Amino acid sequence: MRPLPGSRLHDPHPYPGRLITVEGIDGSGKSTQLLLLERWLASRGYRVHFTEWNSSRLVRRSMKRGKKKDLLTPTTFSILHAVDFADRLTYEIIPPLKAGMIVLADRYVYTAFGRDVARGVDARWVRAVYSFAPRPDLALYFRVPIDISLERLLAGRTKLKYHEAGMDVGLATDPAESFRLFQSRVLDIYDQLTVQFGLRVVDATGDIPSQQKTVRRMVHEVLRGYQGPRGSERAAER
Amino acid sequence: MPRSGRKSKSWYGHGLPYLKVGSLPGHLIVIEGTDGVGRSTQIELLRPWLELQGHAVSNTGWTRSPLLSDTINEAKAGHELTVLTFSLLYAADFADRLEHQIIPALRAGFIVIADRYMYTAFARNMVMGADPAWTRELFGFALVPDLVLYLEIDVETLVPRVLEGKGMDYWESGMHLALGSDIFDSFGRYQGRLIEEYNALAREFGFVAVDARSPVDEIQASLRTEIARYLGTASARPRPAPPPTPVRMHARANARARRGR
């Protein structure tokens with residue numbers, strides 16, 4: 001019908017800062033790696049701003065109510081996350097990028113492209129919805145098999161979360177089985193996204209320090225030629 | 001854009017691929033028009049008229065979804081919204097009502113009267129400067145209505161009507177766009193632009209326009225004529241019997257219908 005609006009995801013963003021994002025299914029260890037990256041960057045004097053998927057105050061109440069009463073459909077689930085993203089983009093991502101800072105985002109639009117499509121929304125539609133998102137300078141994808149992520153999640157707590165396990169999709173009544181089926185769909189989509197959007201794959205089965213070493217090497221490349229605001233003289237180091 | 005006659009419902013864009021919609025024997029009638037033009041007064045009068053003819057009626061209105069209405073009102077009070085978050089919140093509200101209210105009621109054979117539809121977002125976003133292609137993609141999950149009745153008015157007639165009614169409100173005056181030196185100027189400019197957009201949409205989507213400068217009862221008479229004409233052509237075609245509807249959905253549509261009275 002109508003042509004897709006030009007997506008900002010295909011061109012480098014115009015801001016002096018750097019945008020680094022991490023992706024991966026729950027239990028892939030991406031948040032741990034991002035935290036370690038943040039520590040490292042801060043210790044080198046870089047000015048860093050961290051932002052996390054689904055953390056905006058704006059839709060917190062609707063999201064809570066929707067999840068608690070099982071009112072969310074794949075479409076409202078998707079749009080509420082887009083509201084969260086648009087709100088954080090406006091207040092938390094663009095301003096630090098304009099100020100030349102390094103923005104670290106725990107999950108980015110690829111999460112929506114994976115999860116929401118696994119829930120059944122149209123892939124073209126969700127890409128169009130997020131077409132206002134700037135392209136990251138580095139988008140890391142922590143790839144991990146389902147069994148390992150499940151093991152990690154269940155080691156930390158006793159129960160899988162309802163939406164995390166994709167229970168709303170109705171693939172299975174057992175949470176672990178549902179998680180397996182739902183997250184397998186997400187994994188398949190992430191593999192396609194890796195090709196389409198040039199996500200950089202990190203093998204998330206390895207031990208934490210060696211993954212972090214890989215991450216720092218990739219980040220180092222992205223910071224070549226970067227002149228951010230100085231927290232200390234060391235920030236200028238190439 | 002089909003505006004009369006009966007054909008199966010269609011999606012505006014990519015639709016809701018995960019939803020088994022089945023047959024929707026009801027009728028989706030939209031009342032569009034700018035702020036303060038008298039939509040809700042007219043809808044209140046339409047309802048008993050339709051019910052007397054034996055039609056079950058369900059009302060739905062912009063920002064009235066249980067999931068989003070509090071969030072939208074709070075956000076508007078806090079003035080923290082951008083055109084992006086504004087549009088997305090409206091789309092979420094609309095999707096919630098579409099899936100939980102409009103589609104179940106249509107499935108149960110109700111006449112759904114929608115106070116505003118996606119066209120309101122199209123018009124407002126044009127005025128606020130959002131990418132029109134993006135706005136339209138966003139609402140690609142919408143059902144195309146069977147009939148869009150457009151209450152057409154000019155700013156000169158609208159201004160005294162709003163002042164005699166509930167008065168000029170911050171958002172309806174476009175104060176967020178800083179168009180004028182005071183609320184009166186801003187209202188005129190903002191509503192003037194909105195009306196231009198509505199008029200363009202009316203041509204593009206084949207709205208049935210009703211002159212809203214007339215007195216209330218004359219507008220009502222015109223609306224009834226148009227609806228009767230639509231229902232006449234609609235009932236002239238044979239339609240399959242409505243399929244059994246899940247009881248919960250049906251009860252919910254009924255409860256909403258009663259509350260909306």
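The structure is a predicted model, in which local features need pLDDT of at least 70 and side-chain atom pairs count only at pLDDT 80 or more, while totals for chains, interfaces and linings use all residues. Residues are numbered from 1 along each chain as its sequence is written, and chains are lettered from A in the order in which they are written.

**Contact between chains A and B**
- In chain B, 28 residues are in contact with 32 residues of chain A (C-beta atoms, placed from the backbone, within 7 Å).
- On the chain B side, α2 (69-78), α3 (83-107) and α5 (132-138) each give two or more residues (helices are DSSP runs of H or I, at least four residues, numbered from the N terminus).
- The largest share of this side, nine residues, comes from α3(B).
- By class, the side of chain B that touches chain A has 16 nonpolar, six polar and six charged residues (Ala, Val, Leu, Ile, Met, Phe, Trp, Tyr, Cys and Pro count as nonpolar, Asp, Glu, Lys and Arg as charged, and the others, Gly among them, as polar).

**Helix pair in chain B**
- α3(B) packs with α4 (residues 118-128) of chain B at an angle of about 180 degrees, the axes being 11 Å apart (axes are lines fitted to C-alpha atoms over the stretch in contact, and angles run from 0 to 180 degrees between N-to-C directions).
- α3(B) and α4(B) are therefore roughly antiparallel (angles over 145 degrees).
- B:V83, B:S87, B:Y90 and B:F94 of α3(B) make the contact with B:M118, B:A121, B:N125 and B:M128 of α4(B).

**Confidence in chain A**
- Chain A has a mean pLDDT of 91, and 94% of its residues reach 70 or more (pLDDT is the predictor's confidence in each residue, from 0 to 100).
- Over residues 233-238 of chain A the pLDDT is below 50.
- Where pLDDT is low, the predicted coordinates should not be read in detail.

Technical notes. Contact = placed C-beta atoms within 7 Å. Parallel < 35°, antiparallel > 145°, perpendicular 65-115°, else oblique.
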